[in-house]
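Hello,

Here is the structure I promised to pass on. Please open it first, then read the notes below.

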Amino acid sequence: MELQFPIAEPDAAALEKGRLLFAGETDFLKGVVAMDGMPPDDRLEVCFAGRSNVGKSTLINALTGRKALARASNTPGRTQEINFFTCAESHYLVDLPGYGFAKAPVKTVEKWQRLLKAYLSGRATLRRAFVLIDSRHGVKDVDEEIMTLLDKSAVPFQVVMTKADKVKEAEREKIIAQVRSKVSRHPAAFPEMILTSSEKGWGIDVLRAVIATLV
Ligand SMILES: Nc1nc2c(ncn2[C@@H]2O[C@H](COP(=O)(O)OP(=O)(O)OP(=O)(O)O)[C@@H](O)[C@H]2O)c(=O)[nH]1
Ligand SMILES: [Mg+2]
């Protein structure tokens, strides 16, 4: 049986909860380059994973309403550490380095990919991983690899489509269908997707509401 994987549509009360959560203080806590540098696991966290350049850092900025909280750039491989942000004192938002192609030396990329995998499979307080998929490109092999890792590590994940403003509606529907059919094969996948554009602000309130139900 294939699951339906609809686009999430929280009700007004859930949206309000999300709005309130993100109306609180958010701040950069630290950038981590090794597992032993992680902050104490004294609260829950959600992380943002995805291919380089998919829009992880930009999405954190959109969620928090702070333009330059997480450093974003057009160069794939911008985020090279695991960056922790505090959100309303109650949980962490975690910006991860991208996977796949990056404009950085091979050795450096290998090092941060190892760290990324160690984090995704070994962080006890990780409540949910958001796996970001570019609305123009759909699920690629490297995404499959990460989703399989999350399955094996029993880390629940949810797909967030990014850059929805970059595709026409017909094309978007085709890509969403592809993503649905690929993601629904992963046992750790949460059966609802979130459609966003950080540029236009689409779906940001939805993602806030989803995070508010988790923490
Ligand atoms: N049009 C459009 N552009 C976006 C959107 N989100 C991100 N971008 C752009 O995409 C580029 C990459 O964004 P980042 O947030 O740095 O991507 P990232 O996933 O953090 O990349 P790495 O840290 O390199 O892995 C930037 O030029 C952003 O301005 C969006 O919703 N719409
Ligand atoms: Mg980044």
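This is a predicted model: local features need pLDDT of at least 70, side-chain atom pairs count only at pLDDT 80 or more; totals for chains, interfaces and linings use all residues.

Seven strands form an open sheet with mixed pairing, in the order β1-β3-β4-β2-β5-β6-β7. The edges are taken by β1 and β7 (194–195). Each of these two has a single partner strand, so one side of each is left without a neighbour in the sheet.

Start with the pairing around β3. Strand β1 (residues 26–32) and β3 run antiparallel, joined by six bridges. Within that pairing, G31 stands opposite N83 of β3. On to strand β4 (residues 91–95): five bridges join β3 to β4, again as an antiparallel pair. F84 has V94 in β4 as its bridge partner.

The hairpin of β3 and β4 has three residues between the strands. A88 in this hairpin takes a positive phi near 50°.

Next comes strand β2 (residues 44–50). Five bridges join β2 to β4, and these two run parallel. The bridge partner of C47 in β4 is V94.

How many of the six residues of β3 are buried? Six of the six are, so the strand is largely enclosed by the rest of the structure. In a regular strand the side chains alternate between the two faces of the sheet. Here I82, F84 and T86 point one way from β3. N83, F85 and C87 point the other way. Both sets are buried.

L69 lies in the loop between α2 and β3. At 13% relative accessibility, L69 counts as buried, because the limit is 20%. T58 sits 11 residues from L69 along the chain, and their C-alpha atoms are separated by 8.9 Å.

**The magnesium ion**

Which protein atoms are donors to the magnesium ion (ligand 2)? They are OG of S57 and OG1 of T79, lying 2.1 to 2.2 Å from the ion. S57 counts as buried, at 7% relative accessibility. T79 is buried as well, at 10%.

**Ligand 1**

An N or O atom in its side chain is 3.0 Å from an oxygen atom of ligand 1. A backbone N or O atom of G98 lies 3.3 Å from an oxygen atom of the ligand. For S198, a polar backbone atom is 2.8 Å from an oxygen atom of ligand 1. On its own, ligand 1 has 660 Å² of accessible area, and the protein covers 89% of it.

There are 23 residues around ligand 1. Those that come nearest are K56, T58, G77, R78 and D165.

**A buried serine**

Now look at S135. It lies in the loop between β5 (126–134) and α4 (141–152). Is S135 buried or exposed? It counts as buried, with 0% relative accessibility. Its side chain reaches the backbone oxygen of T162 at 2.6 Å. Beyond its neighbours in sequence, S135 is in contact with M161, T162, K163, A164, V167, I175 and L195. T162 therefore turns up both as a contact and as the partner of the side chain.

N53 is not a glycine, yet it has a positive phi of about 80°. N53 lies in the loop between β2 and α2. At 28% relative accessibility, it counts as partly exposed.

A154 is the other case. Its phi is near 55°, a positive value in a residue other than glycine. A154 is found in the loop between α4 and β6 (157–162). At 62% relative accessibility, A154 counts as exposed.

Best wishes

Notes
Residues are numbered from 1 along each chain as its sequence is written. Chains are lettered from A and ligands numbered from 1 in the order in which they are written. Side-chain values use heavy atoms; hydrogens and water are left out. Donors are N, O and S atoms within 2.8 Å of the metal (3.2 Å for Na, K and Ca); water is not among the atoms, so sites may look incomplete. Buried means under 20% relative accessible area, exposed over 50%, partly exposed in between (1.4 Å probe, protein chains only). Helices (H or I, at least four residues) and strands (E, at least two) are DSSP runs, numbered from the N terminus. Two strands pair if DSSP finds at least two bridges between them. A residue is near a molecule or strand if one of its heavy atoms lies within 4 Å of it. A polar contact is a pair of N or O atoms within 3.5 Å; within protein, one must be able to donate a hydrogen and the other to accept it, and residues adjacent in sequence count only if both atoms are side-chain atoms. Accessible areas come from the Shrake-Rupley method with a 1.4 Å probe; for residues, only the protein chains shown count as cover. Contact means heavy atoms within 4.5 Å. Lists of a residue's contacts leave out its neighbours within four places in sequence.
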